[in-house]
Every structure is written in C-alpha cells, then in structure tokens.
Amino acid sequence: MSSPQAIPSAGRPLSAGAIALMLMLCLTWGFNQIAVKLVLPDIPPMLQATFRSMGALPVLFIIGSLRGVKFFERDGTWKPGVIAGLMFGIEFVLIFQGLRFTPASRAVVFLYTAPFFVALGSYQVLGERLGGTQWLGLAISFAGVALAIGVPQPNVDLHVLLGDLMIVGGAALWAATTLVAKGTRLRFAAPEKALGYQVATSIPILGLAAWLFGETIPHTPSPLSLGLMAFQAIWVVGTTFTLWFALVKTYSASKLSAFTFITPLFGVVGSYFIMHDTLNLTFGAAAVLVIAGLFLVNRPSQSAAAPRDALLNVTKT
C-alpha cells in the first residue's frame, strides 16, 4: 500500500440506503453466528468455513459474469488480492480456534474491537480522520456490546487469555482486510473480484487447518445443516460479503465498520427466539448505547471533515 492519501469517500456521510443495507448485513451476520452453532453437531467449525468458501466461489463467478466482471484481466490487483485472501483465511482460523479456549460471550466482545483497528488504520492508510465525538461514539457502542453480551470474569486462566488474544488477532485481520480492500488497487476492482481473491485463497488455508486439527464429519449431515451451509455459502459469503466490499469502496471504512457493533445485538435477539436464550432489560440498555454511539460516529464533525493530504490527487498503488 502507498503512503496515506486522500480517499474521496473518507468524509462522505452514509446515505439512508447505505444505512438500511448495513442494517440488513448486520442482521444476516448476527443470524450467521446462530447458523454456525446449529450446524456444529454435524460439521466441525473449520470444515464449515472451508465448505462455505468452496460454495461461495462459484456464486461469485456467476454473479460477476452476469455483471460483466473480467475476473482474469491483468489489472494489478492480484498482489493485494492474495494478501487480503491470506488475512481472510487466517482470520477465521484464529476466530474459530480462539472459541476453543474462551467463552463465546467474551469472544464476541473481543471480536468487535475491529472497528477500533479500522479507525486507527484508516487515519494512517486512508487519510480518514475521526473527531473526538466520533471516537466517543465508538467507545459508547463498544460499551453497549460489552453490556449486552457480558464479560464474565471467573475462571479466567492462561488458556482463556490465549483465546482472547486469538480473537483480537482475528478482529485485527478483519480490519486489515478492510483497509487493504480500501487502500490499494483492490478498491478499483469489482466487489466480486475483490472478494473472489479472498475466498479462493482462504480455501487451502482453512482446509489445511481442518486437517491439522483433525476435523472429520462423524455422520451424514441433516437437511437443516445442509440448508444452513447453503445459506452461509450463497447468501452470507457470496452475497453479503460482496455487498460489504461494494460499500467499503464507496463510503468511509471507519463509519461502516462502526455499524458492525449492531451484529452481536441481532445475534442475541436471534438466540432468544431460535435457541431460547435469556433476554432481559440489560439488553435494552445495551441497544440504546449502541444506537447512541452509532449516531455520534456518523454525526458530521468539524475536526474530522478534511482528511490529511486532502489536496493530493488519488493515486493508484
């Protein structure tokens, strides 16, 4: 990637359509966590991740081909594409394996440190700059997630701390992938091609991880599990991830990333209705914090209005 430069979308506020689309994406990703849990008795996590990447790849080719995307055109995007793919694959290895050591409630909180990594990286890599009010909004939203999920303290040992560290590493790679997609020539590629690099590169990484951890499928998966795997491959990875990268190309990476704080809240609500988990007044307070934080993040800020090097022309890296 090049040195920090002005990105035209850095100061662009999210449109009503972009906000609605982000809400839909967060709803999908919140339910996806439930889908993964429901499939676990039939298909282990690393194999799930491998199969969903394998299933998503032809979906990307079909959608891209219908839109006239030239997947194999030499446009200088393959290097950042492969780099993003390596991070994409390792990200899911860290997250799924971190869940073996740390409780899911702690994992969700640490996973959603990603917006902070994006905000930090956006200033250095993209020339985006958040004001004090927007940083406060990020902190309030994260506090809401922590309140909704809870951060249990008993029985925290070195294994739990190792799992926490792995989850944070996954969050950092999630943020880094977003920055690569936004701050390199990859931002000039069609979303299907940008995501195609990542999905294709992740398949051997995830497959190798599944083999190293000795994962096997103990019996024939149920129709529900197969249907949920199709949901993950076709809709979650093949469609919503493509929409995410399309939004990243158009709007501020920091502001978009802040919206992902809503995802675990949707997951909690979905768990209540589908898996009969407990839902109480604490969740309502948490939702208010998240919404308030997002309002502050997306509120125009005088101190954040002009990114650094705003007079520079955008250069392809």
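This note sets out numbered points on the structure above.

1. Basis of the note. The model is predicted, so local features are taken up at pLDDT of at least 70 and side-chain atom pairs at pLDDT 80 or more, while totals for chains, interfaces and linings use all residues. Residues are numbered from 1 along each chain as its sequence is written, and side-chain values use heavy atoms, with hydrogens and water left out.

2. Overall fold. The chain contains 12 helices and 0 strands; helices (H or I, at least four residues) and strands (E, at least two) are DSSP runs, numbered from the N terminus. Of contacts (heavy atoms within 4.5 Å) between residues at least 6 apart in sequence, 91% join residues at least 24 apart.

3. Burial and surface. The chain has 317 residues, and 52% of them count as buried. Buried means under 20% relative accessible area, exposed means over 50%, and partly exposed lies in between (1.4 Å probe, protein chains only). The chain exposes about 14300 Å², with carbon and sulfur atoms supplying 70% of that area. Accessible areas come from the Shrake-Rupley method with a 1.4 Å probe, and for residues only the protein chains shown count as cover.

4. Salt bridges. The whole structure holds 2 salt bridges, each defined as a side-chain nitrogen of Lys or Arg within 4 Å of a carboxyl oxygen of Asp or Glu. In one of them, Arg-67 meets Glu-192 at 2.6 Å, N to O. Arg-67 belongs to the loop between helix H2 (45-66) and helix H3 (78-98), whereas Glu-192 lies in helix H8 (residues 191-212), 125 residues apart. Arg-67 is exposed, at 53% relative accessibility, but Glu-192 is buried, at 3%.

5. The pair of Asp-75 and Lys-193. These residues form a salt bridge in which the closest N and O atoms are 2.9 Å apart. Asp-75 lies in the loop between H2 and H3 and Lys-193 in helix H8, so the pair ties together parts that are 118 residues apart in sequence. Lys-193 is buried, with 3% relative accessibility.

6. Helix H8. The 22 residues of H8 reach 32 Å from first C-alpha to last, close to the 32 Å expected at 1.5 Å a residue; the expected span is 1.5 Å times one less than the number of residues. H8 bends by about 30 degrees at Ser-202, with Pro-204 following within four residues. The bend at a residue is the angle between axes fitted to the seven residues ending there and the seven starting there. H8 is mostly covered, 16 of its 22 residues being buried. After H8 comes Gly-214, with a positive phi near 70 degrees.

7. Helix H2. The end C-alpha atoms of H2 are 32 Å apart, in agreement with the 32 Å that its 22 residues should span. Gly-68 follows H2 and has a positive phi near 80 degrees.

8. Leu-206. This residue sits in helix H8 and is buried, with a relative accessible area of 1%. Leaving aside neighbours within four places in sequence, the contacts of Leu-206 include Met-46, Ala-49, Ser-53 and Phe-92.

9. Nonpolar core. The largest nonpolar core has 65 residues, of which Met-22, Phe-241, Trp-244 and Leu-256 touch the most other members. Such a core is a set of buried Ala, Val, Leu, Ile, Met, Phe, Trp, Tyr and Cys residues joined through side-chain atoms within 4.5 Å. Beyond neighbours within four places in sequence, Phe-241 is in contact with Trp-29, Phe-88, Phe-92, Leu-195 and Val-236.
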